[in-house]
Structures are given as C-alpha cells and as structure tokens.
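Please read the following report with the sequence and the coordinates at hand.

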Amino acid sequence: YRDAWSDVEQSLDRTDDRFIVRENDDIVFGGRLADVERDGVIVSVLIDSPKRDAIDAEPSGGNDVFEPQPDSALVEEQLLARVPTVDAGTVETVGGSIAFSESHASPGKSLTKLARDADAELRYRTTETGFMLDYVARLGADRTDETLSPSSATVLGEPRIREQIREDVTH
C-alpha cells in the first residue's frame with residue numbers, strides 16, 4: 001500500500017539494494033528496483049532481473065579477441081569478471097575450447113552470445129547473499145510423460161495452429 005511504501009522508498013538505494021520476493025521463506029525472484037507504479041492506494045514495484053547488472057556493467061573494448069579456451073574460463077575469468085555484483089554459480093565447460101570475440105559489448109550481451117554459440121544455458125538467480133550466474137549444458141529436465149492438450153487439461157481452450165514459412169532471400 002502507498003503509505004507503507006512511502007516509508008520504505010525514502011531509504012532505498014536504487015543502484016545497490018537487492019529486492020527479493022519470497023514465498024514460505026524461499027526466494028522466488030529477486031533483482032534491482034526498476035520502477036514504481038502507483039494506482040490509488042496500490043503500489044506496484046517492478047524488479048529487473050540480476051541480468052540487468054550484467055547488461056549495465058562496463059562494456060568490452062573495441063574488438064577484444066580471446067584465444068581458444070574452455071567456455072567456462074571465458075565465463076568466469078573474462079566476462080563475469082567485469083560484473084562485480086554477480087558471482088559465478090554453477091559453471092560447466094559445455095562447448096569445449098572456444099575462440100571468442102566481442103566489440104563494445106556488455107558482459108550480459110557477450111554471455112548470451114557465448115551461451116548460444118556453445119549451446120549452453122544461462123540462469124541469473126538471487127541468493128541470500130547476492131546475485132549468481134549459472135552456465136550449464138541444460139537447465140531443468142524434460143517431462144516426456146506429459147501431453148499438451150485441452151483434453152488432458154494442460155492447455156486452456158483449443159490451440160490455434162498457424163503455419164509460418166521462412167525463406168532465405170538470395171538477392
């Protein structure tokens with residue numbers, strides 16, 4: 001509510017304070033305060049993912065080229081090292097030895113590019129002590145025993161199927 005929020009808002013540091021959403025003492029989501037919207041007595045607080053810190057961190061120089069090395073070393077020693085507010089969580093070598101380059105790119109953009117090239121997955125997360133990045137081959141697991149359909153109540157209504165065709169332009 002607006003009055004309670006007004007008491008808190010005065011003491012906020014929008015740059016350094018972490019916001020954490022909890023459910024039953026478990027962290028559901030966390031990040032940095034992005035914006036506040038007021039509607040009558042209700043206040044909506046918009047929170048950016050910890051990825052925002054990686055996007056806003058110091059960009060690379062012009063045309064930085066890294067010799068082939070394990071992608072995990074690129075993540076921990078080169079890219080994530082430029083983001084002082086995000087620590088390495090679970091970091092695996094996924095793509096083996098990779099040559100990599102970036103030019104005036106934020107660490108957030110470069111990490112996304114590296115994960116795409118190495119066929120890895122990224123997850124920024126909030127912990128009790130700060131922000132972490134996981135760089136792994138695969139997040140989660142397949143659920144092959146589930147069927148998506150209205151009859152099995154895993155889809156609401158009838159899905160609308162649309163065919164989309166893409167063709168490469170040659171001229």
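This is a predicted model: local features need pLDDT of at least 70, side-chain atom pairs count only at pLDDT 80 or more; totals for chains, interfaces and linings use all residues.

Which residues does T126 touch, not counting residues up to four places away in sequence? With contact meaning heavy atoms within 4.5 Å, T126 touches R18, I20, I27, G30, G31, P50 and F131.

Residues are numbered from 1 along each chain as its sequence is written, and side-chain values use heavy atoms, with hydrogens and water left out.

T126 is found in strand 7, where helices (H or I, at least four residues) and strands (E, at least two) are DSSP runs, numbered from the N terminus. With a relative accessibility of 11%, T126 counts as buried; on this scale buried means under 20% relative accessible area, exposed means over 50%, and partly exposed lies in between (1.4 Å probe, protein chains only). A polar atom of the T126 side chain lies 3.1 Å from the backbone oxygen of G30. The C-alpha atoms of T126 and S49 are separated by 8.7 Å, although these residues are 77 residues apart along the chain.

**The sheet and its helices**

Strands of a sheet pair through backbone hydrogen bonds, either parallel or antiparallel.

Strand 5 and strand 8 (residues 131-136) run parallel and are joined by four bridges, and V91 stands opposite Y135 in strand 8.

**Salt bridges**

A salt bridge is taken here as a side-chain nitrogen of Lys or Arg within 4 Å of a carboxyl oxygen of Asp or Glu, and by this rule the count comes to ten salt bridges.

| Pair | N to O distance |
|---|---|
| R38 and E9 | 2.3 Å |
| E128 and R22 | 2.9 Å |
| D56 and R52 | 3.2 Å |

The side chains of R38 and E9 meet in a salt bridge. R38 lies in strand 2 (residues 26-39) and E9 in helix 1 (residues 2-9), so this pair ties together parts that are 29 residues apart in sequence. R38 counts as partly exposed at 42% relative accessibility, and E9 is partly exposed as well, with a relative accessible area of 23%.

E128 forms a salt bridge with R22. Because E128 lies in the loop between strand 7 and strand 8, and R22 in strand 1 (residues 19-23), the pair ties together parts that are 106 residues apart in sequence. R22 counts as partly exposed at 40% relative accessibility.

D56 and R52, by contrast, both lie in helix 2 (residues 51-56), four residues apart, about one turn of the helix. D56 is exposed, with a relative accessible area of 53%, whereas R52 is partly exposed at 32%. Salt bridges that share partners also join E9, R14 and R38 into one network.

**The aromatic pair**

The structure holds one aromatic pair, where rings of Phe, Tyr and Trp (its six-membered ring) pair if their centres lie within 6.5 Å, and planes under 30 degrees apart count as stacked, over 60 as edge-to-face and the rest as tilted. The ring centres of F66 and F100 are 6.4 Å apart and their planes stand at 20°, so the pair is stacked. The pair links distant parts of the chain, with F66 in strand 4 (residues 64-70) and F100 in strand 6 (residues 97-102), 34 residues apart. Both F66 and F100 are buried.

Key:
Two strands pair if DSSP finds at least two bridges between them. A polar contact is a pair of N or O atoms within 3.5 Å; within protein, one must be able to donate a hydrogen and the other to accept it, and residues adjacent in sequence count only if both atoms are side-chain atoms.
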